Every structure is written in structure tokens, then in C-alpha cells.
Amino acid sequence: MKFADVFASGSQRAGRKLFLSPLGVAAALVMALATFSASAQDLPASDSQAIAAIVNDHVISSYDLDQRIKLVILSSGIPNTPDNITRIRGQVLRSLVDEHLQGQEAQRLNIEVAQDEVDKAFDRIAQRSNMSVDQISKALEEGGVTRATLEAQIRNDIAWNRVIQQSFGPLVTVGEGEIEEVMRRLEEESGQPRYLVSEILITFDSPAHAEEIAAGTQRLVEQIRQGAPFEAVARQFSQSPSSANGGDIGWVHSSQLPDKVSEVVTRMQPGMVSDPIRTLTGFYIVQLKSMQTSTGGDPMMDQYSLMRVVLPLTPDANQQAIARRAREAEEFRAQVSSCEEAPKLIAKYVSGQSLPAEAVIAGRLPPQTRQAISGVPVGKATVPIRSDQGVEMLVICGHKAAQGELPTREQIDNTLYEQQLSMMGRRHLRDLRRDAVVVYR
């Protein structure tokens, strides 16, 4: 697994970051393919010509719905059982309805996404995940998902980004007073506890809709507590901008969270996942990863130099070969003490490979990678993992802890801008739902 950040789009317009990542869902799929072996092939067959819903005269077929359910199962880590498929079917269908509304709005504004843009998105995903496009396509096929299903989701994400940026970007202004207020509050709270939090946000349009959403949100909590990765579930279901980062919002003070969320987080212990938290416009699920009581720097800004080493294995390797590679990996970990000697040590084993060290910021790493390198001394290697390439480890070549600096005015400006733009995007989708004619079959 390549440790470059496969979740951030890096898209900018007029110096502002777009608030959604068109690669979020696809990156989630890539991560899941490297982590889970469960297949979505076993979904019950349905009539491909049947209608699941009609959205302003546009049809969502049962085939489209089944394809999306397979993609969700494949990429979220939710166990592939008939009961779970039944439970998520309604929520997945609502997501498809929203995407059709978003697509219709993009069409109304004459916003188009060229196939070349989608292909480039696949190329970037492959490069950042150390997989080829063919490998991604093959993994989709093995899971019973057509490439067109994932392409449609990526294309819709890119188009909706443009809808929101074009419609509301020029209207968003962040005043100097707002920036000053945030800086003042951060200075006042510099000695107070900070929380490393991930979130899932499921919005609702009305009290009646809230009751329907509540049950589905509770089921997501149950799935996460039973082992579904929080990050993968967030990418598939969360309606917050943080979904592109697996729900990760970084280190925050309690005052930076919605009041009801803050009340829950301050009572949680690291590692806990909350019950659904109802606010005025949606339900939050939060995961507290860590808590920091000192005034030190943000660990998400720590700088690392990492070297990837691989002991190759074919996907169909027998248990004897796997066991041999596992022994070699543990032997390597016991011997390695620096990145200078790591290439020679790994080369002692048949086809052992090392890649040049890369400089990275902790916050730009996938959560699984941050967890793997946490606490590993410089010169030593992480616990080995099995990937498509074989048995892989990261050697820590360098680690520089972040200093306790407050964010810059530009960083605060960008954060406030993205928050306002995101809020406008959610309101616009709510309005589209309100004015739409949707018939569920």
C-alpha cells in the first residue's frame, strides 16, 4: 500500500479549495480492496428492467441500485450478509436519488465532465495507491461491480463540485472579523484539551424525515462497532466535506464542534464511537481517536520520512510461501536499524525491494498508515501487512514533531470558506429534494 495521500483532491479555484473530493469514493474502494477480501458477488439477483425509483421522470433501475449496493459493500467493509444488504438498501437508494438530483442540476447549468477527466481520476488513484488501472478494474469485476458504476459516481462528484463552486463560490465572503474571532478563541484555548475526531453526518430535511434517518444512522453505528472501518463508512455515507478524508477533521477544541457533539465528545474515551447525535439538521456519529491535554503541536502536522519495502508474493501464493515471507519480514524488522541499511537487508531475500524514502505530513497519510507508524522509532519498521504486491513494511527514516503553532490567517480563511460553501451546498441539495417529484417503487 503506497503511503501517499490517496484521499485529497488538491483541487483549487481562485486560491480556494473545493469542499468535496471527487476521488473520495474511489479512494475508499482502493483502500478497501487492499484490506478486505469479502466479495459483493452474492447479492440476490433482481430484474434489471425493474424500477427502483423515478426522480423527475428519470428512472433509477433495480440494476443501478444493486450495482451501487455492491460498490458500498465492497468499499465500506460492511459484512456482505442478506440482513445488512436489506438494511442499507434504503439509504443507498436515497443516495442515488440525491445523485440524480445533483446530476440534473449540473445538466441544467450546462456543466459537463469529459471522459478524459474521469480517466485521469482513475490514473491518479492508481498512482497514489500503487496499483494499476487494470488492477482496480479487475478488483471491481471480481466484486461484481462494473467500472461504469464507479465512473458514474466520480463523474457526479466532479460535476456537483462545479455546481456549488459556480453557484455559490462568488457569494461566500470571510470577513476579517471572523478570522480575528477564530484566532482569539484559539489563543484562549491553547492550554485546554484538544480532541482528534472523525465524523459522519447524515442530514435530514424535516422532522418526519429525521425519524426515518435515525434508524439507518443507528445501524451504521452498529456496523462500525462490529468492525466496519469508520473511515470507509464515512466516505460512502457521510454528507460532510470531511467524508473525502474518511471523516477525519483533525485536532479540535470542544468549542469548534456543534454544541451537542461537543457535549458527547468531552465525555468520551479514545477509541469510542458515539451513538447518533441529533442536531437541528442532521445526525452525527463521532469517533474519538485521541485526546491531548498539553499545548504541544498538532500531531497531524508531524513530518515523516518513510521508506517502503516489499517482499513480493503472487496473489495466489500458497500458505507455505506466505509463512516464509512472514518469517523473513519479522527477521528484517529485528535487524533493521536505519534507512541506510534497509535496502541491503531487504535485498538479501528473494526479490526483496525498497523504494526511495518519501517526505510526508502525518495529516496527509491514510488513517491506517498513521496508526501503523505511531510510536515506531526512527530506523525501525512497521508491522508487516499483506497487499497485492506481497508483504509490505514502512521503515521510519525520520520524524520531526510539529511545534505548537497556531494556524495562519490564510488557513483559517480557507477553513471558514469551505465550511460556508459546504453549508450552501447542503442547503441547495435540500431545496432540490423539496422541489423534486420522487416516486419510490
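A search of the whole structure, which is a predicted model, returns one aromatic pair. An aromatic ring also takes part in an arrangement with a charged side chain, in that the charged end of Arg147 is placed over the ring of Phe122, at 3.9 Å from the ring centre.

Among the helices, α3, spanning residues 82-108, packs with α14, spanning residues 409-435, and the axes of these two helices lie 10 Å apart at an angle of about 100°. Because angles of 65 to 115 degrees count as roughly perpendicular, α3 and α14 are described as roughly perpendicular to each other. On the α3 side the contact involves Asp98, Leu101, Gln102 and Glu105, which meet His428, Leu429, Leu432 and Arg433 of α14.

The link of Cys339 and Cys397 is left-handed, with a value of -90° about the S-S bond. Distant parts of the chain are linked by this pair, the two cysteines being 58 residues apart: Cys339 is located in the loop between α11 (319-335) and α12 (342-347), whereas Cys397 belongs to strand β13, which covers residues 390-400.

Notes. Residues are numbered from 1 along each chain as its sequence is written. This is a predicted model: local features need pLDDT of at least 70, side-chain atom pairs count only at pLDDT 80 or more; totals for chains, interfaces and linings use all residues. Side-chain values use heavy atoms; hydrogens and water are left out. Rings of Phe, Tyr and Trp (its six-membered ring) pair if their centres lie within 6.5 Å; planes under 30 degrees apart count as stacked, over 60 as edge-to-face and the rest as tilted. A charge sits over a ring if NZ of Lys or CZ of Arg is within 6 Å of the ring centre and within 35 degrees of the ring normal. Axes are lines fitted to C-alpha atoms, for helices over the stretch in contact, and angles run from 0 to 180 degrees between N-to-C directions. Helices (H or I, at least four residues) and strands (E, at least two) are DSSP runs, numbered from the N terminus. Angles under 35 degrees count as roughly parallel, over 145 as roughly antiparallel, 65 to 115 as roughly perpendicular and the rest as oblique. Contact means heavy atoms within 4.5 Å. A disulfide is a pair of cysteine sulfur atoms within 2.5 Å.
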